[in-house]
Amino acid sequence: MRPSCPPRPWPCRPARPELGEYIIVGRVRRAHGVRGAWAVESLNDAPDVVFASGAVLFAGDREGNLVQPDGQPQALHVEDGRPMNKEWLVRVRELSDRDVADSWRGRYLLADADVLPPLDEGEIYIGDLIGMQVHVEGRGPVGQVRDVYDAPQGYILEVETATGRPLVPWHDDLVRDIDDEARIITLAPLDGLFD
């Protein structure tokens with residue numbers, strides 16, 4: 001399986017069931033400028049659609065869960081979105097202060113699944129990897145995916161274990177299977193990584 005985000009290193013498919021019809025599409029990295037804009041790490045294949053002026057995003061917490069303060073998702077209306085280096089500069093109507101924008105650092109942004117392009121067969125959204133259990137062949141469960149990084153050499157999983165948070169590169173010879181129904185990633189044995 002593979003995450004749906006360029007480059008596509010492995011096939012996979014949709015969504016964290018607890019999010020219903022919402023998909024994680026980005027993560028706020030930091031505030032940018034004095035008007036409350038964000039530098040956002042895109043976690044989707046169509047950032048030009050997702051972060052376009054007029055688009056509606058929804059607030060997530062730092063774990064990727066949908067924020068629903070009054071039982072309703074907290075909508076964020078994009079006023080401006082454009083590429084900036086490897087991130088996207090996104091400004092939403094609901095924020096106009098740098099300090100408030102900076103308090104969003106590390107939080108996820110979600111979108112309605114109906115506005116996203118459909119996944120190809122065997123794909124999964126990058127955000128859906130977060131929270132998946134990690135198993136090692138011949139050993140069983142070792143931890144849970146805490147984060148996914150898009151590095152120049154490919155995706156890297158941050159796995160939270162009982163002894164720390166090792167970084168695991170996403171390679172075809174290392175990632176043996178993804179069971180998106182059971183939310184389990186199975187890895188080949190790695191000497192010393194999960195000891």
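This report walks through the fold, the aromatic pairs, some strand pairings and a few individual residues of the structure above.

## The overall picture

Please keep in mind that this is a predicted model. The protein has 195 residues, and 47% of them count as buried. Its secondary structure consists of three helices and 14 strands.

If you look at contacts in the protein with a separation of 6 or more, 59% come from residues 24 or more positions apart.

## Aromatic pairs

How many aromatic pairs are there? The count comes to three. One of these pairs brings together Trp38 and Trp104, whose rings are 5.1 Å apart from centre to centre, with 45° between the planes, a tilted arrangement. The pair links distant parts of the chain: Trp38 belongs to strand 3 (residues 37–42), while Trp104 lies in the loop between helix 2 (98–102) and strand 7 (108–112), 66 residues apart. Both Trp38 and Trp104 are buried.

Another pair is made by Phe51 and Trp88, with ring centres 6.0 Å apart and planes at 45°, so this pair is tilted. Here, too, distant parts of the chain are linked, as Phe51 sits in the loop between helix 1 (47–50) and strand 4 (56–59) and Trp88 in strand 6 (residues 87–92), 37 residues apart. Trp88 is at 12% relative accessibility, which falls under the 20% cut-off, so Trp88 counts as buried.

Where is Arg62 found? Its place is the loop between strand 4 and strand 5 (75–84). With a relative accessible area of 46%, Arg62 is partly exposed, because that value lies between the 20% and 50% limits. Leaving aside residues up to four places away in sequence, Arg62 touches Ser103, Trp104, Arg105, Gly106, Arg107 and Tyr108. The side chain of Arg62 reaches that of Ser103 at 2.9 Å, and a polar atom of the Arg62 side chain lies 2.9 Å from the backbone oxygen of Arg105.

## Strand 14 and its neighbours

Strand 14 (residues 184–187) runs parallel to strand 9 (residues 133–136), and four bridges join them. Within this pairing, His135 has Thr186 of strand 14 as its bridge partner.

Strand 14 also pairs with strand 13 (residues 175–179), this time in the antiparallel sense and over four bridges. In that pairing, Ile178 stands opposite Ile185 of strand 14. Strand 13 and strand 14 form a hairpin with four residues between them, and the turn includes Arg183.

## Two residues with positive phi

Most residues other than glycine have a negative phi. Which value does Arg183 have? Arg183 has a positive phi of about 60°, although it is not a glycine. Arg183 is placed in the loop between strand 13 and strand 14, and its relative accessible area of 13% means that Arg183 is buried.

Asn85 likewise is not a glycine and has a positive phi, here of about 55°. Its place is in the loop between strand 5 and strand 6. Is Asn85 buried or exposed? At 80% relative accessibility, Asn85 is over the 50% limit and therefore counts as exposed.

## A buried loop residue: Thr161

Thr161 belongs to the loop between strand 11 (154–160) and strand 12 (167–169). Its relative accessibility is 15%, so Thr161 counts as buried. Which residues does Thr161 touch, not counting those up to four places away in sequence? They are Val142, Gly143, Pro166 and Phe194.

Definitions and conventions. Residues numbered from 1 in each chain as written. Predicted model: local features only at pLDDT ≥ 70, side-chain atom pairs only at ≥ 80, totals over all residues. Heavy atoms only, no water. Phe/Tyr/Trp six-rings, centres within 6.5 Å; stacked < 30°, edge-to-face > 60°. Helix = DSSP H or I, 4+ residues; strand = E, 2+ residues; numbered from the N terminus. Buried < 20%, exposed > 50% of the residue type's maximum accessible area, 1.4 Å probe, protein only. Pairing = 2+ DSSP bridges. Contact = heavy atoms within 4.5 Å. Polar contact = N/O pair within 3.5 Å; in protein donor to acceptor, adjacent residues only side chain to side chain.
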